[in-house]
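Reader: I am new to this structure and would like to go through it by question and answer. Please show it to me.

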Amino acid sequence: MIFRDKVSLVTGASQGIGEAIAEELGLAGATVALVDIQKDKLNQVADRLASLGIRALTYEADVTDSVRAARVVDEVLSSLGRLDHLVNNAGITRDSLLLRMKEEDWDLVLRVNLKGAFNFSRAALKPMFTARYGRIVNIASVVGLMGNFGQTNYAASKAGLIGFSKSLAREVAARGITVNCVAPGYIATPMTENLPEEVKKAFLDIIPMKRFGLPADVARAVKFLCSDEAAYITGQVINVNGGMYM
Ligand code: NDP
């Protein structure tokens, strides 16, 4: 139980990769604060995690709302007394060719994927500064590194998240706080399950391991970055992509 007595906050925790991260950290002993936009789904995940022996609390929040983000962190501190790990995982896509992209789809993707991480990081840093300890892990994407047809908004948000993480890592390193990214490749989750079959096949063709990743593949990398084993790793991007981008 490497995270006994630790508290982990995971955004976008009610399905897919975020749910798997919460489970992985919880099974390692952490109490998990689950943040997501829909209360019902959050409660179902909390019940499932409780059945595995994990202590999980739920916080309904839209990550784009900075006031709510600060309140969630305050509520976590008053209920659980500390905050050790922040995983900025909530993310969305609104794909379209740039020429046809609606301004609101550009803005929304940037607000959720990038500003959401800003909101929660800024709020979480206060208790981490006081404790002189903290782990922030931002879920980027292979698309932020290599680009992707029809995803200028999403790629910009994920590349932005990498630049954000490297800059913040420099600002807080001397306080015992690390900031890293995990960049998943194609992971089988609700976000990807509705892609057309030909798109899925095109991805499989460029994945040397010839399989899609699982949420648990990503969750294990996050667990490592939150652990003491990763104490001297900051400002890095760990790729979890089956070799799709090297
Ligand atoms: P999912 O869509 O399955 O899950 C994302 C979760 O975030 C959902 O529960 C969603 O809620 C929630 N969410 C969306 N908007 C907000 C918001 N404004 N505030 C709070 N919660 C919100 O995605 P994945 O699990 O696939 O992806 C998780 C992360 O991993 C994302 O950042 C994604 O970009 C990244 N990623 C995923 C890859 C993949 O192949 N799946 C590849 C590379 C990166 P709701 O469903 O109600 O909208």
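Reader: Which helices each supply at least two residues of the shell around the ligand, and which gives the most?

Author: This is a predicted model. In it, helix 1 (16-27), helix 6 (152-172) and helix 7 (190-193) each supply at least two residues of the shell around the ligand. The one that gives the most, with three residues, is helix 7.

Reader: How do the residues of the shell divide into nonpolar, polar and charged?

Author: Around the ligand there are 30 residues, and Q38, N89, Y154, I187 and T189 come nearest. By class, the residues of the shell are 15 nonpolar, eleven polar and four charged.

Reader: How far is an oxygen atom of the ligand from an N or O atom in the side chain of T189?

Author: A backbone N or O atom of I17 is 2.8 Å from an oxygen atom of the ligand. For the side chain of K158, an N or O atom is 2.8 Å from a ligand oxygen. For the side chain of T189, the value is 2.5 Å.

Reader: How much of the area that the ligand exposes when taken alone does the protein bury?

Author: Taken alone, the ligand exposes 890 Å². Of that area, the protein buries 90%.

Reader: Why does I206 count as partly exposed?

Author: I206 lies in the loop between helix 8 (197-205) and helix 9 (215-226). On the surface, I206 forms a nonpolar patch with L145, M146 and Y245, and together they have about 310 Å² of accessible area. Partly exposed covers what lies between buried, under 20%, and exposed, over 50%. I206 is partly exposed because its relative accessible area is 41%.

Notes: Residues numbered from 1 in each chain as written. Predicted model: local features only at pLDDT ≥ 70, side-chain atom pairs only at ≥ 80, totals over all residues. Heavy atoms only, no water. Near = heavy atom within 4 Å. Polar contact = N/O pair within 3.5 Å; in protein donor to acceptor, adjacent residues only side chain to side chain. Areas by Shrake-Rupley, 256 points an atom, 1.4 Å probe, with all protein chains shown as cover. Helix = DSSP H or I, 4+ residues; strand = E, 2+ residues; numbered from the N terminus. Nonpolar A, V, L, I, M, F, W, Y, C, P; charged D, E, K, R; others polar. Patch = residues over 30% accessible without salt bridge, like charges linked within 9 Å, V, L, I, M, F, W, Y side chains within 5 Å. Salt bridge = Lys/Arg side-chain N within 4 Å of Asp/Glu carboxyl O. Buried < 20%, exposed > 50% of the residue type's maximum accessible area, 1.4 Å probe, protein only.
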